[in-house]
Amino acid sequence: RRSMERLADRLNPSLMFWGSEAGKVTQRNHVHALLYFNSDELNFAPPAAAIWKLGFSMCGRSHVDQFDPELGASHYVSKYVSKTLSDWDIR
């Protein structure tokens, strides 16, 4: 939770959903997040490479994908809130 708060403070998204869960095989905790940047505000979206670099420097191993608008945000969010997560939040 603290790591995600620090990451959000640095990236300043307009809206952010994240959920953490234990891996199926190793049981190591990892986080999935969906970030929204409102282009009408000053906090426009940084490139995926910049988000990855910041995530890697703050949290370790990271993977960043571009949002697929055909799937929609509800696909990403519902996929994780329907699981048994250790924690999640919307900021």
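1. **Ground rules.** This is a predicted model, where local features need pLDDT of at least 70 and side-chain atom pairs count only at pLDDT 80 or more, while totals for chains, interfaces and linings use all residues. Residues are numbered from 1 along each chain as its sequence is written, and side-chain values use heavy atoms, with hydrogens and water left out.

2. **Overall layout.** The protein has 3 helices and 3 strands, in the order α-β-β-α-α-β along the sequence. Helices here are DSSP runs of H or I with at least four residues, strands are runs of E with at least two, and both are numbered from the N terminus. Of the 91 residues, 24% count as buried (buried is under 20% relative accessible area, exposed over 50%, partly exposed in between, with a 1.4 Å probe and protein chains only). Among contacts with a separation of 6 or more, 53% come from residues 24 or more positions apart; a contact means heavy atoms within 4.5 Å. The protein exposes about 6,800 Å², with carbon and sulfur atoms supplying 54% of it (Shrake-Rupley areas with a 1.4 Å probe; for residues, only the protein chains shown count as cover).

3. **The core.** The largest nonpolar core has 9 residues: Met 4, Leu 7, Ala 8, Leu 11, Met 16, Trp 18, Phe 37, Ile 51 and Leu 54. By nonpolar core I mean buried Ala, Val, Leu, Ile, Met, Phe, Trp, Tyr and Cys residues joined through side-chain atoms within 4.5 Å. Have a look at Ile 51: setting aside neighbours within four places in sequence, Ile 51 touches Leu 11, Leu 35, Phe 37, Pro 46 and Val 64.

4. Buried in α1 are Met 4, Leu 7, Ala 8 and Leu 11. Down the axis of α1 they fall within an arc of 100°, so they line one face of the helix (the arc is that of the directions from the helix axis to the C-beta atoms). These buried residues pack against β1, β2 (29–36) and α2. The face turned away from the buried side carries exposed Arg 2, Asp 9 and Arg 10.

5. **Salt bridges.** There are 2 salt bridges in the structure, a salt bridge being a side-chain nitrogen of Lys or Arg within 4 Å of a carboxyl oxygen of Asp or Glu. Glu 5 pairs with Arg 91 at 2.6 Å, N to O. Glu 5 sits in helix α1 and Arg 91 in the segment after β3 (87–90), so this pair ties together parts 86 residues apart in sequence. Asp 9 also pairs with Arg 91, at 2.7 Å, N to O, which links parts of the chain 82 residues apart. Glu 5, Asp 9 and Arg 91 therefore form a network of salt bridges.

6. Asn 12, in the loop between α1 and β1, has a positive phi near 55° without being a glycine. Gln 27 has a positive phi of about 65° and is not a glycine either; Gln 27 lies in the loop between β1 and β2.

7. **Surface patch.** Leu 15, Tyr 36, Trp 88 and Ile 90 make a nonpolar surface patch of about 420 Å². Patch members have over 30% relative accessible area and no salt bridge, with like charges joined within 9 Å and nonpolar side chains (Val, Leu, Ile, Met, Phe, Trp, Tyr) within 5 Å. Leu 15 belongs to strand β1 and is partly exposed, at 44% relative accessibility.
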